[in-house]
Amino acid sequence: MRFDASVTRGSEYGSLDDAELVGRCRAGDEGAWRELVERFSRYVFAICVQAYRLPEPDAEDVFQDVFARVYERLGQLRSDEAVRPWIAQLTRNCCVDRLRRGARVEPSDGIEEGEADEQLEQLEEAWAVRQLLAELSENCRDILDRFFARDQSYRTIAEELGLPPGTIASRISRCLAQLRERAEGRIDAPASSGGRSR
Amino acid sequence: MNPLDEHRLAALLRRLPPAPEAWVKAAQELPLVRGRLEEIVARAEADAEFRRALVADLEQALAQAGYEPDRALVAALRGRLAED
């Protein structure tokens with residue numbers, strides 16, 4: 001896979017679905033690769049630190065190993081729309097290898113049998129919710145992500161977005177209600193990937 | 001996802017925080033280190049001692065060989081060495 005920044009210009013990558021993005025990466029589009037890493041970085045990170053409870057230095061090694069393998073093996077992916085399950089499997093394998101090899105630091109309290117699977121199922125649900133989040137307005141996406149995923153305070157959000165602090169809670173509530181409306185009838189089980197997500 | 005209420009949605013949104021920015025940046029820069037990566041892999045294939053040094057202590061071996069052991073390069077190389 002060779003990348004050429006001239007293949008694609010502009011900021012259209014975020015609107016590409018997973019399969020289109022993989023295709024652009026294969027065509028050597030460096031911007032597409034950056035988007036692919038950005039798109040799946042939270043997911044890989046969460047598998048490392050939540051499902052397998054890797055300490056940060058080990059999680060960082062695994063995170064980088066996963067994307068290095070994705071980069072090297074993208075040409076072997078049989079179904080472009082299945083890139084997320086493929087990345088998930090690579091991440092799980094890397095985490096298990098790391099734990100078996102004897103990580104630099106042991107997980108703080110070990111992993112019970114089946115616990116990682118349970119955590120992975122919850123991450124599937126979380127991923128499905130993030131896909132719905134991508135359907136909301138830019139303002140709603142931003143404020144929900146800042147408050148819930150980035151754990152920013154009302155004050156920080158207000159300062160960074162230039163909004164009156166007293167309006168933040170009501171905006172979050174309104175956006176969360178919109179998200180719930182989107183989710184109703186659409187998510188009742190862990191969903192598979194294949195579409196755009198940010 | 002059952003029950004599907006706003007508390008549940010909030011909890012699920014919290015499950016996917018951003019990865020550390022430096023980690024993401026290093027992974028995004030993988031294409032930029034490709035040239036150095038191929039050079040080092042070729043050298044490791046031709047020089048068993050260099051390969052052993054890489055496996056023993058990647059960062060140190062790279063530094064001693066005159067390569068800047070930045071995150072992206074180390075990660076890519078670790079992946080390649082693991083495959084072999």
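The exercises below, each with a worked solution, concern a predicted model.

**Exercise 1.** Describe the side of chain A that touches chain B, by its helices and by the kinds of residue it holds.

*Solution.* Begin with the count of residues: 39 residues of chain A are in contact with 26 residues of chain B. Next, turn to the helices, where α2 (30-51), α3 (56-73), α5 (115-133), α6 (138-149) and α8 (168-183) of chain A each supply at least two residues of this side, and where α2(A) provides the largest share, with 11 residues. Finally, sort the residues of the side of chain A that touches chain B by kind, which gives 21 nonpolar, 4 polar and 14 charged.

**Exercise 2.** Find the contacts of A:Leu144, leaving aside its neighbours within four places in sequence, and then decide whether A:Ser173 is buried or exposed.

*Solution.* With those sequence neighbours left aside, A:Leu144 is in contact with A:Leu133, A:Ile172, A:Cys175, A:Leu176, A:Leu179 and B:Leu13. A:Ser173, which has its place in helix α8 of chain A, is 29 residues from A:Leu144 along the chain, while their C-alpha atoms are separated by 9.1 Å. A residue is exposed if 12 or fewer other C-beta atoms lie within 10 Å of its own; A:Ser173 has 11 such neighbours and therefore counts as exposed.

Methods. Residues are numbered from 1 along each chain as its sequence is written. Chains are lettered from A and ligands numbered from 1 in the order in which they are written. This is a predicted model: local features need pLDDT of at least 70, side-chain atom pairs count only at pLDDT 80 or more; totals for chains, interfaces and linings use all residues. Two residues are in contact if their C-beta atoms, placed from the backbone, lie within 7 Å. Helices (H or I, at least four residues) and strands (E, at least two) are DSSP runs, numbered from the N terminus. Ala, Val, Leu, Ile, Met, Phe, Trp, Tyr, Cys and Pro count as nonpolar, Asp, Glu, Lys and Arg as charged, and the others, Gly among them, as polar. A residue is buried if 20 or more other C-beta atoms lie within 10 Å of its own, exposed if 12 or fewer, and partly exposed in between; C-beta atoms are placed from the backbone.
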